[in-house]
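Keep the viewer open as you read.

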Amino acid sequence: MTRRRYRPRNNGWTEELGAVIGTSATLRLIAVFGGSSLYIPAGTSDDHVIAHLIGSTAFSHLVQEFGGDVLPIPLGDEFLYLRKVRRTVELQAAGETVAAIAKKFGCSERQVRNYRYVAADMGLGKRRQPRD
């Protein structure tokens with residue numbers, strides 16, 4: 001069987017996969033296969049490892065859309081980065097210092113300050129007032 005390479009997509013792979021198989025199934029693929037290339041078989045089987053991981057319905061949709069392709073499964077780096085941004089806001093609100101947060105994350109103090117800047121740009125840490 002000849003393997004085809006994945007087709008270029010308009011959106012990022014996380015969005016593309018999510019549109020086809022849903023958020024939960026996409027996150028499962030990322031958690032288990034993130035950072036690797038994954039061959040999607042041309043046909044479905046309830047015994048396939050991917051079917052066990054994401055469920056037979058999602059697997060069927062995946063095969064229908066990408067069967068025979070080798071897909072690059074994203075690492076989920078953006079998700080993890082934004083979790084650190086959010087966690088930085090939470091830790092600072094709890095009174096943690098930049099140095100303590102850097103030590104917890106295993107990064108530099110400068111990186112923690114960068115997380116704070118991103119959080120401020122996103123409006124995190126600010127109380128949002130309900131509109132009338």
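A residue is called buried when its relative accessible area is under 20%, exposed when it is over 50%, and partly exposed in between, using a 1.4 Å probe and protein chains only. Thr 26 has a relative accessibility of 2%, so it counts as buried. Before going further, bear in mind that this is a predicted model, where local features need pLDDT of at least 70, side-chain atom pairs count only at pLDDT 80 or more, and totals for chains, interfaces and linings use all residues. Numbering starts from 1 along each chain as its sequence is written, and side-chain values use heavy atoms, with hydrogens and water left out.

Back to Thr 26, which sits in helix α2. Helices here are DSSP runs of H or I with at least four residues, strands are runs of E with at least two, and both are numbered from the N terminus. Set aside the neighbours within four places in sequence, and Thr 26 is in contact (heavy atoms within 4.5 Å) with Thr 14, Leu 17, Gly 18 and Ile 21.

Now zoom out. The protein has 7 helices and 3 strands, and along the sequence they run β-α-α-β-α-α-β-α-α-α. Of its 132 residues, 31% count as buried. Take the contacts between residues at least 6 apart in sequence: 61% of them join residues at least 24 apart.

What about helix packing? Two packed helices are described by the angle between their axes and the distance between the axes. Helix α1 (residues 13-21) packs on helix α4 (residues 56-66) at about 120°, with the axes 8 Å apart. Axes are lines fitted to C-alpha atoms, for helices over the stretch in contact, and angles run from 0 to 180 degrees between N-to-C directions. Under 35 degrees counts as roughly parallel, over 145 as roughly antiparallel, 65 to 115 as roughly perpendicular and the rest as oblique, so α1 and α4 are oblique to each other. On the α1 side the contact is made by Trp 13, Leu 17, Val 20 and Ile 21, and on the α4 side by Ala 58, His 61, Leu 62, Glu 65 and Phe 66.

Finally, the inside. A nonpolar core is a set of buried Ala, Val, Leu, Ile, Met, Phe, Trp, Tyr and Cys residues joined through side-chain atoms within 4.5 Å. The largest one has 21 residues, and Leu 29, Ile 50, Ile 54 and Leu 62 have the most contacts inside it. Two or more residues each come from α1, α2 (23-33), α3 (49-54) and α4, with α4 giving the most, 5 residues.
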